[in-house]
Structure formats: C-alpha cells, structure tokens
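Me: I would like to learn how to read the features of a protein model. Please take me through some of them.
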Amino acid sequence: MTARVSFTIDSPIGARTATVSYERRGAGEPLLLLHGIGHHLQAWHPVTHILAAQYEVIAVDLPGFGASEPLPAGVPYDLATVSAALGSLCTALGVERPHVVGNSLGGLLALEMGRRGLASSVTALSPAGFWTQAERRYAFATLLAMRAGAKALPGPAVARLARSAAGRTALTSTIYARPARRSPADVVAETLALRHATGFEQTLAAGISVRFTEDVPGLPVTIAWGTRDRLLLRRQGVRAKITVPGARLVRLPGCGHVPMNDDPARVARVILDTARSASRPPV
C-alpha cells in the first residue's frame with residue numbers, strides 16, 4: 001500500500017518541506033529503491049516481492065514523479081539537493097544507511113548517496129552520468145520525444161495501444177528489451193506517469209552538466225548494464241567502472257534500460273548479492 005511522508009530538506013534557498021509517496025514491505029535490513037526520470041515506484045514491482053523476502057524494501061516516488069509532490073518552488077532538482085533530500089527522507093522513515101538500489105537517474109542518485117555516506121551498499125542499474133556529451137544529447141532527445149508522445153496521445157489511445165503486444169512495443173520499447181511482457185495496465189500507468197511528471201523538465205535541465213567523476217569507496221558497489229540498453233549505451237558501464245574502480249561491473253544479457261521487467265530473477269540476484277556482501281567480513 002502506498003503511503004506519504006513529509007520531511008524537511010536543506011536547499012540552496014533554505015529549509016523547505018518535501019512530501020513523497022512510498023511503498024514499504026518486508027522485514028530486515030532496509031533496502032531503498034529509486035526509479036528513473038519520468039517513471040514511478042511501480043517500475044520495481046517485478047522484483048519487489050523477491051527482495052522483500054529478505055529485506056525491508058522501501059520503494060520511493062522521487063520528488064516531482066509518480067504520486068509524489070514536486071519540490072517546493074525555487075528548490076533545484078540537482079544531484080546535491082535531491083540526494084540530500086533522500087537522506088532526509090530516510091531519517092523521517094527511521095532508516096539509517098539503507099542498501100540503495102537505483103535505475104538510470106535513480107542509479108546516479110544511489111551512487112551519490114553512497115559517496116555521501118548515506119548507503120550501506122549501492123546497486124546502480126544503467127546509471128546516468130557516465131555519458132559523453134554526444135551520448136547525453138542523444139539520451140535527452142529520446143527522453144523528450146517519449147515525453148512529447150506521452151503528452152500528445154489521448155488516454156483512450158494509450159489504453160487501446162496497450163492491449164496488444166505491438167502497441168506495448170510502440171509505447172515502451174525504448175526502455176524495455178521485452179516490452180510485450182509488460183501488462184497493459186502497467187503500460188498505461190507508466191505512460192501517464194511520464195505525462196504528468198511535474199519534475200521532468202527541471203530534472204532534465206539539471207542533468208545537462210552532470211558527470212559522475214568521483215569514487216565511491218568503503219562500501220560494496222555494483223554497476224549493472226543491460227546488453228540491449230537503447231537509451232544509455234552499455235559502453236558507459238566501462239567508464240563507470242573506471243570512475244568507481246572498486247565496483248563490480250555486471251552485464252545483464254537481453255535486458256534493456258529498465259531491466260527489472262526484462263529479467264526480474266537476474267536483477268534481483270544482482271541486488272541481493274550486493275546487499276549481502278555489505279555484511280560479509282573482508283577476506
């Protein structure tokens with residue numbers, strides 16, 4: 001069941017209150033799930049039940065996405081502000097240094113939380129921030145086209161397209177390698193989430209100058225990339241490994257940019273292996 005929480009964040013314009021939606025299930029060490037730009041926490045549903053068998057799973061709608069409210073007026077959607085806000089969210093939920101898992105934008109935020117000492121382990125699935133300028137421009141142009149399509153299509157047309165495998169492919173093949181596996185209801189919901197994402201433009205604008213260039217020492221880090229990622233090309237994983245030399249780089253065969261739906265079992269195994277390794281004594 002989705003819940004909401006309000007908490008105070010520090011921002012360049014002073015202390016402000018943010019309100020986000022989240023789902024919490026399972027028991028054990030906390031594990032925080034962060035989605036990508038234009039998406040929502042339901043992106044994690046294919047793996048949530050697997051993870052919740054061993055961990056307390058907290059899936060979050062990032063500020064300005066899904067059912068969460070936008071950040072207060074004047075508060076930037078930049079990496080420093082949002083990652084610090086997520087730390088404040090954890091405090092509000094009574095959670096200290098969770099295992100953090102993120103996809104795309106969420107992967108970038110997960111790495112930044114790890115760098116700031118806000119995570120016990122990090123699993124980043126196709127994280128943003130390891131692009132060249134040409135690759136960033138391509139990704140942003142693709143995202144803007146997806147957003148324009150989501151806003152232009154009438155609701156009945158989206159529902160009609162989602163009923164067929166071909167229609168689901170037309171709507172979501174940019175992010176899924178196996179879009180026909182997505183249910184019609186899920187495709188409709190995520191198309192509407194993209195349409196109504198109040199934080200989309202400001203998040204994209206904040207990302208223009210983003211490059212992740214610092215190591216994340218002192219904790220287990222896994223960077224995983226789908227071999228069929230059409231948005232952030234898999235060669236960016238090699239740059240990520242160079243930037244974070246202690247990270248484990250994992251390929252996800254046959255997976256697209258949002259791999260949780262393409263191969264839930266493999267993705268869950270990668271996440272669980274990383275989280276478990278945080279508790280193992282050094283060899």
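This is a predicted model: local features need pLDDT of at least 70, side-chain atom pairs count only at pLDDT 80 or more; totals for chains, interfaces and linings use all residues.

Me: How do I read a nonpolar core, and which residues touch the most other members of the largest one here?

Reply: Look for buried nonpolar residues whose side chains are joined. The largest nonpolar core here has 57 residues, and Leu34 and Val221 touch the most other members. Apart from this core lies another of 27 residues, which includes Val47, Val267, Ile271 and Leu272.

Me: What is Val221 in contact with, leaving aside its neighbours within four places in sequence?

Reply: With those neighbours left aside, the contacts of Val221 are Leu111, Val122, Val216, Val244, Gly246, Ala247 and Arg248.

Me: How do I tell whether a residue is buried or exposed? Take His99 as the case.

Reply: Compare the relative accessible area with the cut-off: buried means under 20%. His99 has 2% relative accessibility, so this residue counts as buried. His99 is part of strand 5, residues 99-103. Leaving aside neighbours within four places in sequence, His99 is in contact with Glu29, Pro30, Leu31, Leu32, Tyr55, Ser120, Ser121, Ala275 and Ala278.

Me: Where does Leu252 lie, and is Leu252 buried or exposed?

Reply: Leu252 belongs to strand 8. Its relative accessibility is 1%, and therefore Leu252 counts as buried. Beyond the neighbours within four places in sequence, Leu252 is in contact with Ala224, Trp225, Gly226, Thr227, Pro259, Arg266, Val267 and Val270. A distance between C-alpha atoms can be read as well: those of Leu252 and Asp263 are separated by 8.3 Å, with the two residues 11 apart along the chain.

Me: How is an aromatic pair described, and how many aromatic pairs are there here?

Reply: Two values describe a pair of aromatic rings: the distance of the centres and the angle of the planes. The count in this model comes to 2 aromatic pairs. One of them is formed by Phe130 and Phe212, which lie 5.8 Å centre to centre with 55° between the planes, and this pair is tilted.

Me: Why does the pair of Phe130 and Phe212 tie together parts that are apart in sequence?

Reply: Phe130 sits in the loop between strand 6 (121-125) and helix 4 (133-152), whereas Phe212 sits in the loop between helix 8 (200-206) and strand 7 (221-226), so the pair ties together parts that are 82 residues apart in sequence. Phe130 and Phe212 are both buried.

Me: What are the distance centre to centre and the angle between the planes for Trp131 and Phe140?

Reply: Trp131 and Phe140 are 5.5 Å apart, centre to centre, and the angle between the planes is 90°, an edge-to-face pair. Trp131 is buried at 4% relative accessibility, and Phe140 is buried too, with a relative accessible area of 9%.

Me: Are Arg182 and Glu190 buried or exposed?

Reply: Arg182 and Glu190 are buried. They form a salt bridge with the closest N and O atoms 3.4 Å apart.

Me: What separates Arg276 and Asp273 in helix 11?

Reply: Arg276 and Asp273 are 3 residues apart in helix 11 (residues 264-277), so about one helical turn separates them. These two residues form a salt bridge, with the closest N and O atoms 3.6 Å apart. Arg276 is partly exposed, with a relative accessible area of 30%, and Asp273 is partly exposed at 26% relative accessibility. Elsewhere, salt bridges that share partners join Glu112, Arg115, Arg116 and Glu214 into one network.

Me: Which residues make the nonpolar surface patch of about 260 Å²?

Reply: Val238, Ile242 and Leu249 make this patch. Leu249 is in strand 8 (residues 248-252). With a relative accessible area of 31%, Leu249 is partly exposed.

Methods
Residues are numbered from 1 along each chain as its sequence is written. Side-chain values use heavy atoms; hydrogens and water are left out. A nonpolar core is a set of buried Ala, Val, Leu, Ile, Met, Phe, Trp, Tyr and Cys residues joined through side-chain atoms within 4.5 Å. Buried means under 20% relative accessible area, exposed over 50%, partly exposed in between (1.4 Å probe, protein chains only). Contact means heavy atoms within 4.5 Å. Patches are made of residues with over 30% relative accessible area and no salt bridge: like charges are joined within 9 Å, nonpolar side chains (Val, Leu, Ile, Met, Phe, Trp, Tyr) within 5 Å. Accessible areas come from the Shrake-Rupley method with a 1.4 Å probe; for residues, only the protein chains shown count as cover. A salt bridge is a side-chain nitrogen of Lys or Arg within 4 Å of a carboxyl oxygen of Asp or Glu. Helices (H or I, at least four residues) and strands (E, at least two) are DSSP runs, numbered from the N terminus. Rings of Phe, Tyr and Trp (its six-membered ring) pair if their centres lie within 6.5 Å; planes under 30 degrees apart count as stacked, over 60 as edge-to-face and the rest as tilted.
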